[in-house]
Amino acid sequence: MTLRDIMKYIESEYKVINHTPCEICGGDYLTEDIQIALIDDIPYDLCACVCSHCGHEKIFEFSAPFINENGMKKIRNNLN
């Protein structure tokens with residue numbers, strides 16, 4: 001995947017978040033935190049969001065095909 005492809009993929013994640021109304025009040029979600037995690041050895045972008053109206057919290061999970069094992073090692077090394 002090229003950097004351009006990765007940016008388009010991430011942009012599509014934000015489109016999903018921005019077009020998903022809060023299930024409590026129908027308000028808009030704001031992204032507070034983004035993490036990459038392995039779930040069953042598959043990389044995911046985890047986007048922790050909060051409703052701008054009522055404060056309801058929701059975590060969006062998106063597969064992250066642009067992250068491979070080498071990428072995860074680089075991320076772990078950069079966090080230390």
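I started at Asp40, which lies in the loop between strand 1 (29-39) and strand 2 (42-51). The model I am reading is predicted.

**Strand pairing.** I looked up how the two strands run. Strand 1 and strand 2 are antiparallel, with 10 bridges joining them.

**The turn.** The hairpin of strand 1 and strand 2 has 2 residues between the strands. I noted the backbone angle of Asp40 there: phi is near 55°, a positive value in a residue other than glycine. Asp41 is also in the loop between strand 1 and strand 2, and its phi is positive, near 65°. I flagged these values because most residues other than glycine have a negative phi.

**Accessibility.** Is Asp40 buried or exposed? I read 72% relative accessibility for Asp40, and the cut-off for exposed is over 50%, so Asp40 counts as exposed. For Asp41 I read 71%, so Asp41 counts as exposed by that cut-off too.

**Confidence.** I looked up the pLDDT for the chain. The mean is 85, and 82% of the residues reach 70 or more. Where is confidence lowest, and where is it highest? The lowest mean, 47, belongs to helix 2 (residues 69-79), and the highest, 96, to strand 3 (residues 57-63). Over residues 71-80 the pLDDT is below 50, and this stretch has 7 contacts in the model beyond near neighbours in sequence.

Technical notes
Residues numbered from 1 in each chain as written. Predicted model: local features only at pLDDT ≥ 70, side-chain atom pairs only at ≥ 80, totals over all residues. Heavy atoms only, no water. Helix = DSSP H or I, 4+ residues; strand = E, 2+ residues; numbered from the N terminus. Buried < 20%, exposed > 50% of the residue type's maximum accessible area, 1.4 Å probe, protein only. pLDDT = per-residue confidence, 0-100. Contact = heavy atoms within 4.5 Å. Pairing = 2+ DSSP bridges.
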